[in-house]
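Welcome! The report below walks through it piece by piece.

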Amino acid sequence: MNKWVIEAKNLRKTFAWTPVVDGVSCCIGTGEVIGLFGPNGAGKTTCLRLLATLLRPSAGTLRLFGDEPYRPSVRRRLGFLGHDSFLYADLTPTENLIFYGRAYEVSDLKERIDLTLEQLGLRDWRNTPVRAFSRGMEQRLALARALLHDPDLLLLDEPYTGLDARGVATLQATLGRAKEQQKTIVLTTHDFALGLPLCDRAVILQGGRIAWQSDDRPPPVPEFIELYHAVTQPSALSPQPSS
Amino acid sequence: MWPLLWKDLHLELRTKERVSSLFVLAVLIVLVFVFALSPEQAQRPEVGAALLWVTLLFAGMLSLQRAFLIEQERGCFFALLLCPFEPGTLFLAKLLGNVVSLLLVEVVVTPLTLLLLGVSWSPSLLLLPLVLLLGIIGFSALGTLFAAIAVRTRAREVLLPVLLLPLLVPLLIAAVNVTSALLAGSPWPGAWLRVLLAFDVIFVVTGWLIFAQVVRE
């Protein structure tokens, strides 16, 4: 049995001949939590979209769970939280989750929806159309949508965006539970203090390339911030003149 | 496919945006034509047939755009691509939703048009629902394919008719000819009906097969 959940080799993605992800390779195993860090435009979101099969790589190969990644059986095991919530604004949380639950053929859907809404603190809002939600509430519901079918691989693009202190605590608890259940998580965030302690490994992207990665747990936050600034400063990747 | 239809039905029942706008547009087109035509012109079968299909064409364009616009808000279209079903299933669901919406419109608009144009009763009119259904299926099959492309572009309102209308010409010629023959009480217009049927089969099957390539990058 293949031990890697994600096997990416030389992934490259270009938009209008401009490389946004350029030769990214990584192997991520079951139960690992990987943090993708990097400045704006480093290619974090494109990387996650490639892993989520929403984009096809311009070059390179990707395998998920040891299989071809575009199969429905593989997509069933993915949970993706992106910049957009993927929620229908005119439907209530319950209706949104019923739709996604049926699409993913979730068993015991009603109980699962009740549990997920309870865990994310949205039980009292279950029958309110999403259009009336604040950004943070919509983000929590988007997380509920991503978790509803109990995916084995969670891809989270800046999951802390718009969350208040209670929302952040709920998200941390949810991610902690997912980690205990040996779910594989790949997340991007600019919030080192929240994201880094969860990570088993960290990757810093710069200009679409892996500029630095840790082989095991990343250093504490203050050291990591220093490292991050050193790696991502504009001169760090530019060719050095030979002496 | 059923979760997609259930979701679209719920959204329509909640907002009532799609069917209500189709009704208003279709009735307005019929009224404009009826007022513009003289009674003699209005009773010509080819005029009645043209009016029915022009109404359906414009209402259909609106319906197709609405079907995919609801998926654009908050990125829901990407969520559909992530769901563990084949994109062909998404095509069939959108096709079926569009067919049902247009049939609902036609249930009201066709009798209204025939009444306002003063079309006299003949047994051949019993075949009209079948012709409308075949035309709507063909239109929706090709339209769903192109609406999925157009909706992801900035010029979606322009792009959809530009892409779709030239390819609809065979369907429209066949549909208008069959409808015209039925309104005139002519005998069974078999040849054009076979063209309609062939168009439906070709584009439903093609759409189902290539929708994955259309919607994926």
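## A tour of the two chains

In chain A, the axes of helix α5 (residues 135–147) and helix α6 come within 11 Å and cross at roughly 15°. Axes here are lines fitted to C-alpha atoms, for helices over the stretch in contact, and angles run from 0 to 180 degrees between N-to-C directions. Helices (H or I, at least four residues) and strands (E, at least two) are DSSP runs, numbered from the N terminus. α5(A) and α6(A) are therefore roughly parallel to each other; angles under 35 degrees count as roughly parallel, over 145 as roughly antiparallel, 65 to 115 as roughly perpendicular and the rest as oblique.

A word on the source: this is a predicted model, in which local features need pLDDT of at least 70 and side-chain atom pairs count only at pLDDT 80 or more, while totals for chains, interfaces and linings use all residues. Residues are numbered from 1 along each chain as its sequence is written, and chains are lettered from A and ligands numbered from 1 in the order in which they are written.

Back to the helix pair: α5(A) passes α6(A) in a left-handed crossing (left-handed if the near helix is turned anticlockwise from the far one by less than a right angle, right-handed if clockwise). On the α5(A) side the contact is made by A:G136, A:Q139, A:R140, A:L143 and A:L147, and on the α6(A) side by A:G167, A:T170, A:L171 and A:T174. Two residues are in contact if their C-beta atoms, placed from the backbone, lie within 7 Å.

Chain A is assigned domain 1 (4–77 + 151–232) and domain 2 (88–149), with bounds from an automatic or database domain assignment. Their C-alpha centres lie 24 Å apart. The contact takes 13 residues from domain 1 of chain A and 12 residues from domain 2 of chain A. Helix α6 (residues 165–180) of chain A gives 5 residues, the largest share of the domain 1 side.

Chain A as a whole has 8 helices and 9 strands. Its radius of gyration is 18 Å, close to the 18 Å that the globule rule gives for 243 residues, so chain A is as compact as a globular protein of that length. The radius is taken over C-alpha atoms, and the globule rule is 2.2 Å times the number of residues to the power 0.38.

What is the secondary structure of chain B? Chain B has 9 helices and 0 strands. In chain B, the axes of helix α4 (residues 45–72) and helix α8 (residues 156–183) come within 9 Å and cross at roughly 150°. That makes α4(B) roughly antiparallel to α8(B), and α4(B) passes α8(B) in a right-handed crossing.

Where do the chains meet? 24 residues of chain A are in contact with 21 residues of chain B. On the chain A side, α2 (72–75), β5 (78–81) and α3 (93–103) are the elements that give two or more residues, and α3(A) gives the largest share, 4 residues.

The table sorts some contacts by class: Ala, Val, Leu, Ile, Met, Phe, Trp, Tyr, Cys and Pro count as nonpolar, Asp, Glu, Lys and Arg as charged, and the others, Gly among them, as polar.

| α5(A) with α6(A) | 3 residues | 5 residues | 1 residue |
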